[in-house]
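Let's take a friendly walk through this model, one region at a time. Please keep the sequence and the 3D view open as you read.

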Amino acid sequence: MAKYLVQKSGPLSGEVTISGAKNAVLPLMAAGLLAEEQTTIKDVPALRDVNVLMEVMMKLGAEIDMPEEGVLNIHTKEIQTTEADFDLFKKMRASILVMGPLLAREGKARMPLPGGCSIGARPIDLHLKGFRQLGATTEVKDTYVEAVAPEGGLVGGSVYLDFPSVGATENIMMAAVLAQGTTYIENAAEEPEIVDLANFLNKMGARIKGAGTDTIKIEGVEHLKGTVHRVIPDRIETGTFMLAAAITRGEILIKNVVTDHVKPIIAKLRECGVQVELVDEGMYVNGGNKALTATDIKTLPYPGFPTDIQSPFMAFLTTVEGESQVQETVFENRFMHVAELNRMGANIKTDGRSAVIPGGKQLVGSQVIATDLRAGAAMVLAGLVAEGTTEISEIYHIDRGYEKFVEKFRGLGATIIRIED
C-alpha cells in the first residue's frame, strides 16, 4: 500500500492552480449517457474516481477517450446494458449517478448498492423517492437497487427532498430532463456543482431553471445533443490550499478560483486573522502576518460552511491560540480524523457531532491513517507543521479527490514524498 511521508516544512509559498472539481465532473460524465452524440468535458482532473466512473460507463456502452490531458470525450450511441458492474460500483458512491440517465434513456436501471468513503449513511432513499415521483417503480434488495419507468417513459412530477442532497438533486435532475411534462425539485441542493450540471444539460438542449436555488424546474425534452463544457474549479481543493497557507503561516497565490464558491472558508479564515485578498490572478492567502486565534465552525449544506473542509480546518485550528468548537451537521460519522490528530498531540474532545479543539498545540509526527478523502488532506496539513515525520497510510482515499497532490505541495516548498510498498 502506498504511503505519504511528510515533514515539517516551514511557511509554504508560491502559487498553485486549482484543478477541475471532482464533485462537478462526475455528474457531468454521467450526463454524457443521456445523449447519442458526443459530449466533451474540459479541465477533467486526473483522479481515481474519474477513472472508476469511466470504467463503469464503458461497461454500460459508452465510448470514452482522452485525446489530451484534461479533455474527456464521451460518445454513447447506444446503451448496451442497464445493469452496472458490481466490482466497479462498490468502489465509489458517485457511481449511483448513472442511474438517473439510464432510467431516463432506457426506462430501467439496476445498480449494486454503492461504496465510497465511510463518513456516514448517505442513503439513496432520496434518489429513489424522486424516481418514484416521476412514475418509476423501485426495489431495494440486500445487494442491489432497481428502478423501472412506466410504459411510455418517465412523467414529470413534484419532488420534495427531505434533505437537500446533492447526489439526489443531480440524479433526479438527469432523470427528469427526458421525462414527459414538467418536474419541480423542492428543497433542492444549491451547490455550485448543481449549477454546473444544469448549465451542461442546458447546453445539451435541456430546459432547466432555478439551479442554485432551492427550487429547480425541469421541462422535459425529447432528446439531448452533444456539447462542449469546461468544469468549474474545485472549491474543496481551493479550501485545502487556503488552509495550507494558514496552517504553515505561509503565503500562497491560488489561481483558477471562483471566490463566491468559498465565501464561508474566506470568512472563517479572516476571523482567525488570516489575510485573504482577491486579486486579478486569483486569491492571495497569507497566514503569517499576525498571531492567529480560534473560531467556531458549523457545517451546513451550501452556501454554509462545507463539510468537506471540516477536517482540514480542524487540523488548522489545533495550531491557533484559544479554544475552538466544531459542529458537524451533515454527516454523522465525520470525526474519524480526530483520533489521528490526537495521535499527533491535538487533544481534541468529541461529543456526538461536536468537537472541542484546545488549540495552541505543537503537533508531533506519527503514523496515521487517511480514514477518508478529506481526512487524508487534514493529515497532510498536520504533518506540514508537526515535529518530525508523519507517515500517512491508506492514501488511496486522497487519490480519489486531489489531482497531482504531491507535485502541487512540493511546488510550494512542502517536504512530502510518496512511497510505494
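## Helix α11 and its neighbours

In this predicted model, the buried residues of α11 pack against α10 (310-317), β19 (349-351), β21 (367-369) and α12 (373-385). Contact here means heavy atoms within 4.5 Å, and buried means under 20% relative accessible area, with exposed over 50% and partly exposed in between (1.4 Å probe, protein chains only). Helices (H or I, at least four residues) and strands (E, at least two) are DSSP runs, numbered from the N terminus.

Which residues of helix α11 (residues 336-343) are buried? They are His 337, Val 338, Glu 340 and Leu 341. Because they cover an arc of only 165° around the axis, they sit on the same side of α11; the arc is that of the directions from the helix axis to the C-beta atoms. In general, an α-helix has 3.6 residues a turn, so residues three or four places apart point the same way. After α11 comes Gly 345, with a positive phi near 100°.

## Cys 272

Your next stop is Cys 272, which lies in helix α9 (residues 263-272). Its relative accessibility is 1%, so Cys 272 counts as buried. Leaving out residues up to four places away in sequence, Cys 272 touches Ala 291, Leu 292, Thr 293, Ala 294, Thr 295, Phe 313, Phe 316 and Leu 317.

## A four-stranded sheet

Four strands make an open sheet with mixed pairing, in the order β2-β14-β16-β15. Its edge strands, β2 (13-17) and β15 (275-279), each pair on one side only. Two strands pair if DSSP finds at least two bridges between them. On average, neighbouring strands of this sheet are turned by 20° against each other, direction ignored.

Strands β14 (residues 251-255) and β16 (residues 282-286) run antiparallel and are joined by four bridges; Leu 253 stands opposite Tyr 284 in β16. Helix α8 (residues 235-247) lies across β2, β14, β15 and β16, at about 165° to β14. Helix α9 lies across β15 and β16, at about 135° to β15. Axes are lines fitted to C-alpha atoms, for helices over the stretch in contact, and angles run from 0 to 180 degrees between N-to-C directions.

## Confidence and conventions

The chain has a mean pLDDT of 94, and 97% of its residues reach 70 or more. Over residues 116-122 the pLDDT is below 50, and this stretch has 23 contacts in the model beyond near neighbours in sequence. pLDDT is the predictor's confidence in each residue, from 0 to 100.

Residues are numbered from 1 along each chain as its sequence is written, and side-chain values use heavy atoms, with hydrogens and water left out. Local features need pLDDT of at least 70, side-chain atom pairs count only at pLDDT 80 or more, and totals for chains, interfaces and linings use all residues.
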